[in-house]
Every structure is written in structure tokens, then in C-alpha cells.
Amino acid sequence: MQNNFQTNGAGSSRVTETTPEKAVETSTATESAASDARFDLILLDPAHVRLFRTGGSALRLTLSDPQIGSERSYLRVAVARAFPLSNPNQYIGLRDGADKDIGMLVTLDGLEPETRALIDDALHRRYFLPRVTRVRNVREEFGSSTWEVDTDKGPFTFVVRNLRDSVQELTPTRILITDVDGSRFDIPDIRKLEDKSYAILQRVL
Amino acid sequence: MPLLEEMPPSVDATLREERNGSGDTPLEVAVKADIGTDGNLGERWVVVDRDRVRVLTPNGVSAHVDLAVPLEDIQSARTENLVGGGALLVGKGTDIVELVRFTGPLAGRMSGVARTIEALAKSEEPPPLEIEENDRNCRTCGRRLPDGTQVCRACLDKRAVFTRLFSYAAPYKWRAVLLVLLMFAGTAATLAPGKIVQQLTDRVLAPETASAVGPRLSLLGLLVAAFIGTQLLNVGITIARGRLSAWLSAKITYRIRTQLYERLQWLGLSYYDKRQTGALMTRVTQDVNELNNFLVDGLQILVVNGLTIIGIATILMLHNARLTLLVLLPVPLVIFITRRVWRFLRRRMHRMWHLRSALAAGLSSALNGVRVVKAFAQEDREIDRFNRRATDLYKVGLSVEQWWATLFPVLNFLMTAGSFIVWYVGGRQVVSGIITLGTLQMFLFFLGQLYGPLQGMTRIADWLSRALTSAERVFEVLDTEPDVKDADESVAMPHINGEIKFENVSFGYDKSRRILENLDLHIQPGEMIGLVGHSGAGKTTIINLISRFYDPVEGAILVDGVDMRKIKVNDLRRQMGVVLQEPFLFPGTIAQNIAYAKPEAAPEEIMRAAKAANAHDFIMRFPDGYDTEVGERGVRLSGGERQRLSIARAILHDPRILILDEATASVDTETEKAIQEAIGRLIAGRTTFAIAHRLSTLRNADRLLVIEKGKLAELGTHDELMANPQGVFRRLVEMQTEINKMRVY
């Protein structure tokens, strides 16, 4: 990984030898086309974004740029949500092989179906946040509590210590519980749980 | 072999079939991952032998082979951190193949799997793995253990802990015996008035057979005097008992506390790595306090209450078994309800405390950030936010108070329930002449005395277990052996020359990850070595090893030809000095801080050191000069000033081996010059190791040691390294020159 010394990504095929001063100049001179990912927020046009799966598990990204009329290609692309908790379906960032920003997709609408499917898949892979559908039991002893819950990812049993500090109230009705291992569990709307689960939550929270 | 888990029969069977060709070579890895192909929880197995890596999903009686990658196709293996979990990846040609995904808790284990696969793919021996997972769950009951301790509250050997706790009282055993006697006497003194009440009623106030007034009056005087006497005795005993028990527990906790702190001071840094300072402070302060409370109050209450309950029950039973049983009938109910009420209230009170601390936290951040609030004109919003919190608190507080006001009278009523039975049943017995009026009075009296202790006992189990856990946590520290300690045959080295030799040294903080690998080095006495490398490359680790904060896992470090582990730790440290990036100053005066390692230093020595460290001038400008208080409450020193104090400290310490860890990182260029000069004077004639990100700082170094990923990449003088156009060092220097150019504009 000798490339680590350079500030720009491996994986990207762009020219990275520009000195910082030059980079500033070009980005002010020609606005959108040559704007530099290091300084400007780049919003990608869904129509120009295409993802491909390599033979294995990696993703390759091709960005077509009609102004220049050329294409740029990135290997080992990753996706990340900018607001994974408050707005998971918008503002999806595309990251290159060195985990540097390529650009943001404001929305996934307008992507080609194959690309859309790959992005959905990659998001699903990156974010493992079980959503609690039912609280079966919470047993409290010795200052920690053992939770048995059903989630959309399957049943979990986890231990929470110091409940007050481990429960994050995202909204008045949405809570996020962090267990002793740092795993998190989402309860998107506590009022939508069935009565018994709600009663248990009322009791312990 | 920690990476071999017991496979379910289905996986095992399919695997046997699959591996049919590859003979009976043993498995290297068989580990369960917990996220299935669909992204939900699901069992999958990663199995590695010397031939290929397989991923299997159990599927009824057999298993499905999801993937089988020959080892020869694999170039690398690693884990990728995802949100809430991770993935195990192998590099295959230019491509990446994901083997499995797993949830967060398995991350450590899977990185071990990755390293094993990579080693096998390179036909190397898999690295030794000793993943420490023993301290997550209790071995006996499987409950999750609290952080940083092996003590399970559920499985604690209560008797052993008690015995050990009481063994601290052994030196004062006569006082302890006296204390127990006083407890018995005290209980007797509290119970005696019951008997007096009975006598008073039966023989003075309402005797069954009318008798002369004279003897009754004198008996009355006698009984009242006895009453006063027992009460006075009671007061006396309570005072004596309280004082004695305070004395004993103070002695015991003092001994435990000092022992604990002494042990903490001697424990190696690796002990501190695994624990948070806060948790350790808790042990010295809270856990010991908990013990103190238990010894002063808890134990007394436990014993005295227990004796009182037993005493009352016995006396009553002797007088009238039937009535006693009736009286005690509501007791279990009362205990049960009391516990429920407490739990109910405690929950609400916790909520209130939580809101109160949230309010305080919000208040403190808003007031601390008042400049920002005003600068962005957000006063209204802050007021709103505070009001919202205050409203929540007020609502919860009100509800707690009202519940409290409601439940306590009810509880009190329940407590007196027994007395109704006494009045009714006992009253009937008095009327029909089965018992005397005095006995009834005595019953009522004792009943009043019974419920207090009973209520106290409902919470004793919780109390006991808290005290015992605290005790056990404290004992756990006391029982930890320091891992860096003097070997039996350790040699004294009062004068070290400063020659240092690394022989094939490997090291990692946790055993599953190596930070340094096979490092060989030879450093001459008096040489200055600059350590260069990216953060995480292992520079600080080298310094930690030289300071002998840790011992190498493999290989040895020799000082003047002697294995460091055989040199007396004190001799070594006494001749070693450090200047850290963020120098730590203890509360105290500047002079005390400079003389930290040499408290007996003469004022001239201190000033000479300060002068050499370019610190004398700024110190003299303070109104209090060298007497200026620094630290928490004292004068705020700038980064550069603190740095120079810490250099002065090192100069005065006069070490043979000197360590400069980013000594000039946090200061401006001008101050850096002053510090550089000071360092120049400091390093003369000492073996010096310097870490610096600003490479210009290392200009004076005799040789530079470039480390990459725990391995020695380059070693040589500044000029030698610069002469290599492809060299790591040269590229680093060029990059920094670029950045410095930019700074000028």
C-alpha cells in the first residue's frame, strides 16, 4: 500500500499529482466539471451513475460526464448513508477504494434498475441495525438487563448495562438501544409495538 | 486451538464428504459466523484446511457449501468494518471475495481468522492466537460479566469473601469480640422494656387480685427506675457500639484502601490498557466506601435487626404461641408489598435523577458555550430547550412526590395490621382470662418494635450482595500480580551506559495482533535515534518497550548487553527520562514539578535545569516564581511552557536513556526553536529516542529509524536516507516540504 502517502485515493483513475494550490485555482475557475472532490460537495446525477459487480464481491463504478464526454471508472466502490438514522433513503455517498468521497446521490430515484439493485444490496450489507418488532422479556438483575427481542433480522438476546446511558431517544417515540458489545437495536416507533412489548418498555424505561 | 469450534453434525458430515480427496490433514479454522446470506441472523461456518477455505450453511441433515476457494488463489485476507457488524474478505487476484458477514461481537475473532487464512495462503505457519474472551461471560452461569472484572454477582462465593473481609479484623480481634457482645447486650436492652411494661400492667396498674396501694406504688417506682435504667443502658451501649464499630471499620477500610492503591501503583501498564481509569478510581473510592458503609452500618443493622427479630419472636412464642403465629401472619405480605413499593418508587426516582442530571448537563454545556449561543443569537432556543427539560423534571418530580405521599401512609397502615389482630384476638383472650392485660400490652409493645427491623431486612439481600461484589472487586485487584516485575535473579545496574540492542523483538498489546515483528536494532551509547513512521506504525510501541512498560512477546531487548527483564526495574527507570507530547504536571509548585523525580534537589539544581530548558525566564516572570502553583487549580501554562518544564524535569533527572515523544508537536515555530535548543542541551551524551511528525525536528538525530507496519523499513543517517529516491523517508520529507510551502502563503 505505498499509495498511502498520497492524499488521494488509490483505486481512482484520476490524476492526483496536482499541488493543493493548483487544485484551488482550477476549482474556482471552472465550476462544476472540474470541481475537486476534496473541497466541493459533488452531487451526482443518477443518470450518470452506473455500478457493476466484479467477478467477486467488489463493485465498480462508472461515472459518465457529458460535459467532458468521457467516463471515469472507480474500483472497489463502497456506499454510505449520510444520515443513516434520520434519513436513510436519501443522500447516499459513493466512496472509492481508499474510502474517499466520489460524490453523493441525493436520491436513488432515476438510477438504472441494475445499479439501483446493487446500491440497495450494498446498503443492506453495510448497515446491520436490527429493528425490534417485539420485546419478549427484559430481566433486570444486578444493575444490568437482559433483553429477549424479535427483530427483522431474527431473534436476539442481549445484555444492556446502565440502561439510562444506553438508550438513545432519537425522537420521542423512536429509541436506539446499545448493548454491552456496542451492538445497536432500533425501535422505530415504540407505540407501534404490540401491547405486551409496550408494557415491558414502559416498565423498564 | 482457539479457532476450532465444535461444528454441528450437518456441517461436519458435509465437510467430511467434501474433503474426501484431501486426506486427513487437520482443520486450521472452523468458526461460526452469525449473519446469513440474506443479511439476517443465520449460522454459517468458515472452515479452513491446508487446501482451501470453505463456507458452509447448515441445512437440515447436511450443509450447503456456499463457497470453496483454494488457498493458492488467495493473496490476502482481512475483515471489513461495517455498521453493526463486519465482513470477512479474501483478495483473489485483483478481485475481492466476501466469505461471510458477522455481527460486531465476532469482529475480534474474525480478524484472527483473516490473519490465519493469509498466513496459510502464503504458506507460513498461522500466527499464534490467544484471543482473550474468557472475561466476557461468567464461566459458571454464563451471565455477562461487568467490564474489567471477573467477578460475577450471581456466582460469587459469598462465604469466602466474607471470611476474607473479616480476616482484616483479625489484628483487632478482642475489639471485634467486644463489639459482638455489645450487639447482644444492646438487643437485650431494647427488648427489656417490653417485659417491664408487662410487669407494670399486671402488678401495678391492673393487678388481677386487688392488693394494697403502698407496695404497688413502691413497685411502680422500682419499675419506672428499671425502665429509665434500661433506656440509659441502651443509650450507653448504642454509643459504645457505634464508636467501636466506627473505629474498627475505619481501620479495616484504611488498610484495604492503602493496600489497593499500593497494588495499583505497582501494576504494569498493560493492566491499565484493559481498564478505564474511571473504573479503577471507582474501586479505590466507591467500592471501598461501599465496604466502609457496610462495615459501619450494614453489618450492625443486619446483626442487631436479626437478633431483635429472633428475640421478639422467641419471647412472644414462649408466652403465647397461638397469638404469636396470628400476629406474624401478615409479615410475609408486608415484606412482599414493601419490596414492591420500593421497586416501584425506585424506578420513578431513577427517572427523576436521570432528568435532573440531564438538566444539569444541558445547563453546564449551554453556560459553558454561552459565547457561541450569543454569537449565533440562539438565546431563545436555549431557553426553550431548558424549559422543556425543566418541565419534564417538574412533572416526574411531582409524580414521585405524590406517589411517595400516597404509598407511605398505606405502608404504615400495613405495618400496624398486626396490632389489629393483637387487639382483637388478644383482647378476647384477656377478656376470657387466658392471658393477662400485661401480656397484651407486651405484645403490642413488641409488635411496634418488630416492623422496623423487618422493613430493614427486606433490603438486606441487595445490600449484602452490593457489599460483597465491592469486596470481591477490591480483592481482585489485590490478587493481580504485576506482569512487569523483577525476576528473581535480577541484577542491579546502578550505572547504565546506554547501549541498546533489539534482538528479534515481536510485540502486540493484545495477543491476537502483532504491532512489532522481528525487530533487530543496535544502538550505541549516546546515539540519538529518530523514529519515523505513520501513526500506528509502532513508534510509540518501541518506546513503551524501551521504557519496559511492557515486555516483548518474543525476542529480547538488551541494555549494555543484559536482558532488560533481568535488570532491576527501579534501576532501569531511574536512568530513563521521558518528555511527552502533552506533559503531565502534578498539582503543586513549578519547583516541585521539576524536581518530581528528585525531590531532594537543591534550589540551584532546579534553577540550573530550568535555565538549560529555556524555562527560567518565563518562570521568573511569574509573581510567585518557582513557587507558582500549577495543575488543576494553579496557573494555566501554555503548551510550550509545560513542555519546557517537562524538559527541565528530564534534565534534572539526568537519565542515561532519554525518550522524546512528540516533544514539540503542540507548539508554534518560535517556541519550537526554544524547545529545540533546550532539547539539544538535554540530549548531549545520552542515548536518545525521539519521535516526531515534524521531520525537521529530527535534524540532530544521528540515525533515523523508519518503521512501517511494525517492521524496520529504513535505517541510516539523514543524508543516507535522502539519497535513496525511492525511500520512504525521502517521500515523507518531500511531502512535508510541500505542506510547509503552503503554510507560508
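**Talking through the model**

Author: At 12% relative accessibility, A:S166 counts as buried, because the cut-off for that word is under 20%. Please keep in mind throughout that this is a predicted model.

Reader: Where does A:S166 sit in chain A?

Author: A:S166 belongs to helix α3 of chain A, which covers residues 163-166.

Reader: And which residues does A:S166 touch, not counting those up to four places away in sequence?

Author: Leaving those out, A:S166 touches A:V160, A:R161, A:L176, A:I177 and A:T178.

Reader: Let me switch to aromatics. How many aromatic pairs are there over all chains?

Author: The structure holds 17 aromatic pairs over all chains. In one of them, the rings of A:F156 and A:F185 have centres 5.1 Å apart and planes at 75°, so this pair is edge-to-face. A:F156 lies in strand β9 (residues 154-161) of chain A and A:F185 in strand β12 (residues 184-187) of chain A, so the pair ties together parts that are 29 residues apart in sequence.

Reader: Are A:F156 and A:F185 buried or exposed?

Author: Both A:F156 and A:F185 are buried. In chain B, B:F162 and B:F294 form a tilted aromatic pair, with 6.0 Å centre to centre and 40° between the planes. That pair links distant parts of the chain, since B:F162 is in helix α3 (residues 158-167) of chain B and B:F294 is in helix α7 (residues 277-319) of chain B, 132 residues apart. B:F162 is buried, as is B:F294.

Reader: Which residues do ring pairs link into a cluster?

Author: The cluster linked by ring pairs is made up of A:F128, A:W147, A:F156, A:F158 and A:F185.

Reader: What sits over the ring of B:F475?

Author: The charged end of B:R164 does, 4.2 Å from the centre of that ring. Elsewhere in chain B, B:R175 lies over the face of B:W247, at 3.8 Å from the ring centre.

Reader: Now charges with charges. How many salt bridges does the count come to over all chains?

Author: The count comes to 28 salt bridges over all chains. One of these joins B:E98 to B:R101, with the closest N and O atoms 3.8 Å apart, and both B:E98 and B:R101 are buried.

Reader: Which residues are linked with B:E98 and B:R101 in a network of salt bridges?

Author: A:R125 and B:E80 are linked with B:E98 and B:R101 in that network.

Reader: What is the partner of B:R548 in a salt bridge?

Author: B:R548 forms a salt bridge with B:D551, and their closest N and O atoms are 2.8 Å apart. At 2% relative accessibility, B:R548 counts as buried. In another salt bridge, the side chains of B:R574 and B:D571 meet at 3.8 Å, N to O. Those two residues, B:R574 and B:D571, are three residues apart in helix α16 (residues 569-574) of chain B, so they are separated by about one helical turn. B:D571 counts as buried, at 11% relative accessibility.

Reader: Last topic: how many cavities of 30 Å³ or more does the structure hold?

Author: The structure holds two cavities of 30 Å³ or more, and the largest cavity has a volume of about 80 Å³.

Reader: Which residues lie nearest the centre of the largest cavity?

Author: Of the 14 residues that line the largest cavity, B:M528, B:L660, B:I679, B:A690 and B:T697 lie nearest its centre. In chain B, α21 (669-683) and β17 (687-691) each supply at least two residues of that lining, and α21(B) gives the most, with three residues.

Methods:
Residues numbered from 1 in each chain as written. Chains lettered and ligands numbered in written order. Predicted model: local features only at pLDDT ≥ 70, side-chain atom pairs only at ≥ 80, totals over all residues. Heavy atoms only, no water. Helix = DSSP H or I, 4+ residues; strand = E, 2+ residues; numbered from the N terminus. Buried < 20%, exposed > 50% of the residue type's maximum accessible area, 1.4 Å probe, protein only. Contact = heavy atoms within 4.5 Å. Phe/Tyr/Trp six-rings, centres within 6.5 Å; stacked < 30°, edge-to-face > 60°. Lys NZ or Arg CZ within 6 Å of the ring centre and 35° of its normal. Salt bridge = Lys/Arg side-chain N within 4 Å of Asp/Glu carboxyl O. 1 Å grid on protein atoms, 1.4 Å probe; cavity = no way out; pocket = protein on both sides within 12 Å on 5 of 7 lines; lining within 4 Å. Points joined across faces, edges and corners; volume = space filled by probe spheres on them.
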